[in-house]
Structures are given as structure tokens and as C-alpha cells.
Amino acid sequence: MNPLDSVKNYQVYYGHPTAAILKDMQNYDLVIIEPLHYTKAQVEQIKARGTKVLGYISVMEVATWNTGLMSKLQSGDFFTRNGQRVHYSEWDSYLTNIASPHFQGLLLTEIQNQVVAKGIDGVFMDTVGDIDNEHLNNPTVLKQQRDGLVNFLKQARARYGDIAMVQNWGFDTLETSTAPYVDGIIWESFNADTIKSDAWSQNMIKKLQAVDAKHSVKTLTISTRLSADSHKLAKDSGFIHFHEADAYVNWNAGLVTRTQDTAPAPVAVAPTTKPAETTTTKPVTETATKPVTKPVSAPKADASTDKPTESKQKEKADWKQEKKDKKEKKKAKKHAKKHAKKHAGKHSSSNDHHAAKGNMCGKVKHKTAGFLNFFKF
């Protein structure tokens, strides 16, 4: 069974949590977070109403801001070309060698410390798309990197069992190598204005639907333009959609509301006492009509007249909490700036979905027409 089967909505957020954000996260079926910012207790709070949580890890790159991981890397953990490490100056990160057993071990430790130990349900593996983008022209290296990724996924499954695993981009790698081991794939820049008119995208939708039918791999899409149209297109394709407008560092509050666990409590509870006193054969209709008007207005009168002090105290507490949340949000934004360099983006500079490199940081790689012709899924 795929752990994403019940997911109908989700949100990606790489900033620091506040009390209000943690509460709002409970409304989603799934949230993707930067686990470094969260304690185990906070994760438990998010999951209190059944929300699934995925923790971010970067599989094919290491950013220099992640000093803890950088300090543990050996020379063989970096991918080198012509004797030089591949460095992305725009976001200050290095391409890694997923075929390195040592690097695989480091990633498995990251999953243990930041995901499993905190009670997070699974991992979101960013930068998988680097395999297709960087190595497609070298079949030997391409196979080596894909085999390395599969070995890493197998080890993760062996150690951590049924944790959810979702990769970002790497469509060709998904079909040829990773589909049996992952539960989902994310398609960034899923904007209706380009997807609808693009033959590559239409073909890719069919490919991903076929992979889902064969291996049960869910596609999660993200748009940056035309929210409603993109959402509809994703839904019609059987995908799970999220519209991202601010590079994953601001929480988009109130987008969804859970109703399934607030539904029970039929209004007919109060009425059953009144008809019991008037045991006649006809009051069935009266039972249905009377309670609808009376019980609804009664509690409101009590709340405002019987307990004014309690109401004032609650108002004061809410005001204090709001003030605290604003302060925390301001602090979170400040902290997120450095992190945003990695996770934020260049979505705005992407003219079409082909440009998205497959990195949740919103990295962009403009592919040439020749490359697109060569890129076959």
C-alpha cells in the first residue's frame, strides 16, 4: 500500500514553524518540511490529526550552508568532471556522487537523525533530477549514478521499512530505475499555460500515469502561475497539486480545511429529549424542524451573557498569541533568508517548465532545443 494513497492536498514549507503554523499544518493531508527546524514534539503536534510529514534531504547536491554534512564529506563523495568538482555558484552547492558508498552512508544517517528519530513519516529527496540533467550525455556515468541511487533506496528500505519516499524530478530515472522503490515524484513548474500546449508535457503525463498504474507512484505537482487552471489540470490527470507563490519560505495559511474529523455530532442529539416527553406518533417532522432554529441561537446568547470575563480573558490570550506569532514569524523570515538561498528560488526566471532543473530550491537550468530532443523518457 502506498502511504500517499490518502493524500488529497499538501504544502511545502521550508521556514521555521510558529504555533499558528503548526496548528494550520494539521489541516493538510501532507506537509513537506525542513526537518532541521523541528523537534520531535512539534512533529507529533503536526501529526495529531493524521497529517503525514516528509522531511527534506538533498540527494545529489550538498550546499555549503549545511556545514555539518559538508564537514563529513570525503573527496569521493563529490562528483568530479575533468578533475574538478561541479559547483553551482548561484546557490553555492556541489554536485555529489551518489555511487559513493560513503556518501550513501551519510545520507542514511541524515534520514535516521532528522527523519526517523523525529517521528517524520518519510523523506522528500530533492535534486534527483540532477542525474538526468548532468549525466544524460554519458551513458556509463548515467548508469553508475542511477545504480548508486537505487542501492541507496534499497538500503533505506531495508533499514527504515515502509517510510514514504518521494523524489523531485528525474522522470527518466524514475521509469528506468527508481519506480519500484519510491512512493511519489514531484513535478515542479506544472503551469497550465505551458503544460496544456506542450507535446512533451502531455506525453509525460501519460508516462507518469502508466508508472503509477504499474508501480503505484503518485505524482505531486506544483504550479507558480494560473493556480485554478493548473489545479484542475493536475486533478484531471490524477495528480495531487499545490500552488506555490513564494518559494517555499512563507506558510500559506488557511488554504484547506479538514472536515472529516469534525463531521460526527449530528444535530439530532438535543431533539431526542423533547420528543421523548411528547410520545406521539406524528412529531417526527417537528423533531426535525424545531431543533434547527433553537439550539443554534441558544449557545450564542450564553456565551455573551453568562461568561463575559472568560470571553475577555480569551480575547486577551488570543491577542497575546497573535503578537507572539507575529514576532516568531518575523524571526522565522530572518532565519529563512540563508536557508532560502538553498530552498527558494529562481522560479521567476523560468520561462517554461522545461527550465526547472528538478531542485526544490527552485533552481533553473535552461535546456537547449537539442537537449530536449535528446531527452527521451
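Start by selecting strand E9. Gly122, Phe124 and Asp126 point one way from the strand, Val123 and Met125 point the other way, and all are buried. Buried means under 20% relative accessible area; exposed means over 50%, and partly exposed lies in between (1.4 Å probe, protein chains only). Strands (E, at least two residues) and helices (H or I, at least four) are DSSP runs, numbered from the N terminus.

What you have open is a predicted model: local features need pLDDT of at least 70, side-chain atom pairs count only at pLDDT 80 or more, and totals for chains, interfaces and linings use all residues. Residues are numbered from 1 along each chain as its sequence is written, and side-chain values use heavy atoms, with hydrogens and water left out.

**Stop 1: E9 and its partners**

Keep E9 (residues 122–126) highlighted. Five of its five residues are buried, so the strand is largely enclosed by the rest of the structure. E3 and E9 pair in the parallel sense over five bridges. Two strands pair if DSSP finds at least two bridges between them. Look for Tyr56, which stands opposite Phe124 in E9.

**Stop 2**

Follow the chain out of E10 (164–168). Trp169 sits in the loop between that strand and H7. Check its backbone: phi is near 55°, a positive value in a residue other than glycine. Is Trp169 buried or exposed? Trp169 counts as buried because its relative accessible area is 4%.

**Stop 2: Thr173 in H7**

Step on into helix H7 (residues 171–178) and select Thr173. At 0% relative accessibility, Thr173 is buried. Show its surroundings. Not counting residues up to four places away in sequence, Thr173 touches Ile131, Asp132, Arg146, Leu149 and Thr178. A contact means heavy atoms within 4.5 Å.

Asp132 is 41 residues from Thr173 along the chain, yet their C-alpha atoms are separated by 6.8 Å. The side chains of Thr173 and Arg146 make a polar contact at 2.9 Å. A polar contact is a pair of N or O atoms within 3.5 Å; within protein, one must be able to donate a hydrogen and the other to accept it, and residues adjacent in sequence count only if both atoms are side-chain atoms.

**Stop 3**

Jump back to strand E2 (residues 30–33). Both of its faces are covered: Leu30 and Ile32 on one side, Val31 and Ile33 on the other, all buried. Val12 stands opposite Ile32 in E2.

**Stop 4: an open three-stranded sheet**

Select E4, E8 and E7. They form an open sheet in the order E4-E8-E7, with antiparallel pairing. Which strands stand at the edges? Strand E4 (61–63) and strand E7 (87–88) do; each has a single partner strand, so one side of each is left without a neighbour in the sheet. Two bridges join E7 to strand E8 (residues 93–95). Find Tyr88, opposite Ser93 in E8.

Then pick Asn82. This residue lies in the loop between strand E5 (80–81) and strand E6 (84–85). Asn82 is not a glycine, but it has a positive phi of about 55°. Its relative accessible area is 76%, so Asn82 counts as exposed.

**Stop 5: the second largest pocket**

About 260 Å³ of space lies in the second largest pocket. Of its 14 lining residues, the closest to the centre are Asn9, His231, His241, Phe242 and Val256. Helix H10 (227–236) and strand E13 (240–243) are the elements that give two or more residues to the lining. The largest share, four residues, comes from E13.

A pocket is found on a 1 Å grid over the protein atoms alone: it is an open set of points where a 1.4 Å probe fits, with protein on both sides within 12 Å along at least five of seven lines, and lining residues have an atom within 4 Å of a point. Grid points are joined across faces, edges and corners, and the volume is the space filled by probe spheres set on the points.

Colour the lining by residue type. It divides into seven nonpolar, five polar and two charged residues. Ala, Val, Leu, Ile, Met, Phe, Trp, Tyr, Cys and Pro count as nonpolar, Asp, Glu, Lys and Arg as charged, and the others, Gly among them, as polar.

**Last view: the whole chain**

Zoom out. The chain has 14 helices and 13 strands. Of its 377 residues, 49% are buried. Among contacts with a separation of 6 or more, 65% are between residues 24 or more positions apart.
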